Amino acid sequence: RRVHGLGVVVSITAIPFERSKAAGALFALSASVVQIAHCHPFRSEFHNRLATAISSTTAAVLFGGTVETVWFRDIVVVGGLAVLSLIIVGGTVADFFRLGAESNEAEKAFAPTGKAFGSDVDDA
């Protein structure tokens, strides 16, 4: 994942032409989407899907920024940024609920039962 971020940074800083910068960054983001979809770098499938959605939407925004028709470019970029914001906020909220549910399950699993060790054995 870090390599693809480095690819975006290098394409933005090292390439002198704007369209070439966008193409290089788009290539790096596309490689990131493929890598996430293929390797599943996160333990949770939820996080793998979230990372794929974020990278794909970011690539769409970047592509939209290269469109020459002003009204279409504005729609794609603003719409993509709105979708990206919803994905990030929605993913964060969903993750908090997911972690809370896992925490409750862990508490129930390790909660004291009220019995002392060995109390289920008859003393007679």
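Colleague: Buried means under 20% relative accessible area, exposed over 50%, and partly exposed in between (1.4 Å probe, protein chains only). So is Trp71 buried or exposed?

Modeller: Trp71 counts as exposed, because its relative accessible area is 58%. This is a predicted model, so local features need pLDDT of at least 70 and side-chain atom pairs pLDDT 80 or more, while totals for chains, interfaces and linings use all residues. Residues are numbered from 1 along each chain as its sequence is written, and side-chain values use heavy atoms, with hydrogens and water left out.

Colleague: Got it. Where does Trp71 sit?

Modeller: Trp71 is in helix H4, which covers residues 70-110. Helices are DSSP runs (H or I, at least four residues; strands are E, at least two), numbered from the N terminus.

Colleague: And how many helices and strands does the protein chain have?

Modeller: Four helices and zero strands in the protein chain. Going along the sequence, the pattern reads α-α-α-α.

Colleague: What share of the protein chain is buried?

Modeller: Of the 124 residues in the protein chain, 20% are buried.

Colleague: And what share of the contacts join residues at least 24 apart?

Modeller: Counting contacts (heavy atoms within 4.5 Å), the figure is 51% of those between residues at least 6 apart in sequence.

Colleague: Switching topic: how many salt bridges does the structure hold?

Modeller: Three salt bridges, where each needs a side-chain nitrogen of Lys or Arg within 4 Å of a carboxyl oxygen of Asp or Glu.

Colleague: Start with Lys21. Which side chain does the side chain of Lys21 meet in a salt bridge?

Modeller: That of Glu18, at 3.8 Å from N to O. Lys21 and Glu18 both belong to helix H2 (residues 18-39), three residues apart, or about one turn of the helix.

Colleague: Why does Lys21 count as buried?

Modeller: Because Lys21 has a relative accessible area of 18%. Glu18, on the other hand, is exposed at 58%.

Colleague: What does the side chain of Arg49 meet in a salt bridge?

Modeller: The side chain of Glu45, at 3.3 Å from N to O. Arg49 and Glu45 are four residues apart in helix H3, so about one helical turn separates them. Arg49 is exposed, with 60% relative accessibility, and Glu45 is partly exposed, with 39% relative accessible area.

Colleague: What about Arg98, which residue does its side chain meet?

Modeller: Arg98 pairs with Asp95 in a salt bridge at 2.8 Å, N to O. They are three residues apart in helix H4, so again about one helical turn lies between them. Arg98 is partly exposed, with a relative accessible area of 23%, while Asp95 is buried at 18%.

Colleague: Which residues does Phe46 touch, not counting those up to four places away in sequence?

Modeller: Phe46 touches Gly91, Ala94, Asp95 and Arg98, so with that count both partners of the Arg98 and Asp95 salt bridge are on its list. Phe46 itself lies in helix H3 (residues 45-64) and is partly exposed, given its 28% relative accessibility.

Colleague: Last one, Ser11: buried or exposed?

Modeller: Buried, because its relative accessible area is 5%. Ser11 is in helix H1 (residues 2-14).

Colleague: And what does Ser11 touch, leaving out residues up to four places away in sequence?

Modeller: Ser11 touches Lys21, Gly24 and Ala25. Lys21 is also the residue whose side chain meets that of Glu18 in a salt bridge.
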